[in-house]
Amino acid sequence: MKLSGRVERLPPYLFARISQLIAQKRAEGVDVISFGIGDPDLPTPGHILDALKRAADDPANHRYPETEGLPALRSAMASWYRRRHGVELDPDAEIVSLIGSKEGIGHLPLCVADPGDVVLVTDPGYPVYEVGAMFAGAEVVRLPLREEDGWLPRLDEVPDAIAARSRLLWLNYPNNPTGAVADEAFFERAIAWASRRDIWIAHDLAYADVTFDGYVAPSILEVDGARDVAIEFNSLSKSFNMTGWRVAMAVGNPTLVDALTRVKSNLDSGIPQAIQEMAIAALEGPLDEIESHNRIYQRRRDRAVEALRALGLRVDPPRASLYVWARLPVGEQSSAAYAERLLEETGVVVTPGIGYGEAGEGYVRLSLTLPDERVDEGLSRLSAFAGGR
Ligand SMILES: *Cc1c(COP(=O)(O)O)cnc(C)c1O
């Protein structure tokens with residue numbers, strides 16, 4: 001019997017290939033150190049876990065939640081945006097909670113695109129933007145990002161004929177995988193460009209609070225006119241080390257928030273309420289652990305940058321995100337071949353840039369989400385490999 005075209009067209013999940021290679025090396029007895037997947041190694045802060053434990057005993061939390069999230073959660077999300085970004089949001093019309101932002105990102109194209117419409121994604125980029133569009137039957141057009149542009153898309157180079165068919169533009173700053181950041185001036189240009197062409201903007205702010213050297217990442221909603229065209233995805237996953245709990249929000253344009261809520265209400269029944277209580281505790285609680293986590297990541301970043309430079313890779317230290325994005329040494333062409341050779345020779349896993357799109361070729365990504373001693377061990381293996389060449 002047949003499977004659908006959309007399932008047949010699914011690209012092999014990038015991390016599946018890496019997991020397979022890791023499993024093979026481990027079976028050979030190699031102590032593999034993976035800088036592959038971006039999933040914080042540090043635990044969820046204790047006061048957030050306490051909220052879950054308390055909420056678990058309350059029978060009111062044992063029943064179906066509402067798709068859009070508890071009023072108290074949406075109000076905590078609104079306060080968070082006020083406190084963190086100076087942005088006022090109406091909790092009833094401009095906020096919907098999500099079972100992790102991946103879910104909302106995957107579903108958004110169903111709200112704005114019909115078969116034959118175009119969804120614009122950046123390349124390299126988080127793979128879900130493209131898959132979500134494909135599931136909606138839309139055509140994906142990739143906007144290449146280049147190092148010389150600071151990894152920002154050249155919107156003026158999108159052909160008029162493509163722009164005329166486009167319904168949605170994905171942006172993601174601080175960026176995964178490049179670690180690049182965007183300022184308000186870029187968001188202003190993007191909003192002006194998209195409004196003139198009746199194209200929605202979806203901004204993925206997953207790394208809003210993973211920042212270094214005093215950098216503060218803006219929300220697109222801080223920019224005038226954003227609310228007319230934009231929805232923003234903001235997740236507790238990376239900010240509060242809560243990837244396992246699945247809680248995030250989509251905020252901004254009320255028409256988009258309403259459409260996403262309606263799609264979701266037909267597919268899921270919202271975040272388990274005890275986990276919503278955790279999110280309230282996170283958003284309303286002390287933020288010192290965000291700062292101490294960022295200091296840890298920043299130290300790892302600095303060590304990684306030094307080791308990679310010794311290996312002949314070119315790196316700009318990122319001001320945000322959990323990733324170091326490095327240009328291959330001169331003479332190396334294939335990021336996949338280079339990553340496989342590092343794994344072969346050192347037992348260290350890095351992600352080939354090609355896995356994030358064709359424009360990612362020539363680069364590798366290292367995630368900083370493994371314990372300090374593993375970071376040190378992995379990097380000293382890379383240094384030994386550099387010294388041995
Ligand atoms: C991690 C990540 C997400 C997903 O976060 P969840 O809220 O855990 O689903 C979304 N976008 C980008 C770019 C990410 O790196």
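Colleague: Where is the place of P174 in this chain?

Modeller: In this predicted model, P174 sits in the loop between β5 (166-171) and α8 (184-196).

Colleague: And what makes the peptide bond from Y173 to P174 cis?

Modeller: Its omega is near -5 degrees, and the bond is cis. Another cis peptide bond joins D123 and P124, where omega is about 5 degrees. P124 lies in the loop between β3 (118-123) and α6 (128-135). As background, most peptide bonds are trans.

Colleague: Why is D198 called exposed?

Modeller: Exposed means over 50% relative accessible area. D198 has 65% relative accessibility, so D198 counts as exposed. You will find D198 in the loop between α8 and β6 (200-204). Its phi is near 55 degrees, a positive value in a residue other than glycine.

Colleague: N241 has a positive phi too, so to speak; what is its value?

Modeller: Phi of N241 is about 55 degrees, although N241 is not a glycine. For context, most residues other than glycine have a negative phi.

Colleague: Is N241 buried or exposed, and how do you know?

Modeller: The cut-off for buried is under 20% relative accessible area. N241 has 4%, so it is buried. N241 belongs to the loop between α10 (236-239) and β8 (248-252). Across the protein chain, buried residues make up 56% of the 389 residues.

Colleague: How do you know how compact the protein chain is?

Modeller: Start with its make-up: the chain has 15 helices and 13 strands. Its radius of gyration is 21 Å, close to the 21 Å that the globule rule gives for 389 residues, so the chain is as compact as a globular protein of that length. Along the principal axes, the C-alpha atoms fill a box of roughly 60 × 55 × 55 Å. Among contacts between residues at least 6 apart in sequence, 75% join residues at least 24 apart.

Colleague: What makes up the lining of the second largest pocket, by class?

Modeller: The lining has 12 nonpolar, eight polar and six charged residues. The space in this pocket is about 490 Å³. Of the 26 lining residues, G38, K102, Y126, Y207 and K238 are the closest to the centre.

Colleague: Which helix gives the most to that lining?

Modeller: That is α5, with three residues. The helices α5 (101-112), α6 and α10 each supply at least two residues of the lining.

Conventions:
Residues numbered from 1 in each chain as written. Predicted model: local features only at pLDDT ≥ 70, side-chain atom pairs only at ≥ 80, totals over all residues. Heavy atoms only, no water. 1 Å grid on protein atoms, 1.4 Å probe; cavity = no way out; pocket = protein on both sides within 12 Å on 5 of 7 lines; lining within 4 Å. Points joined across faces, edges and corners; volume = space filled by probe spheres on them. Helix = DSSP H or I, 4+ residues; strand = E, 2+ residues; numbered from the N terminus. Nonpolar A, V, L, I, M, F, W, Y, C, P; charged D, E, K, R; others polar. Rg over C-alpha atoms; globule rule 2.2 N^0.38 Å. Buried < 20%, exposed > 50% of the residue type's maximum accessible area, 1.4 Å probe, protein only. Contact = heavy atoms within 4.5 Å.
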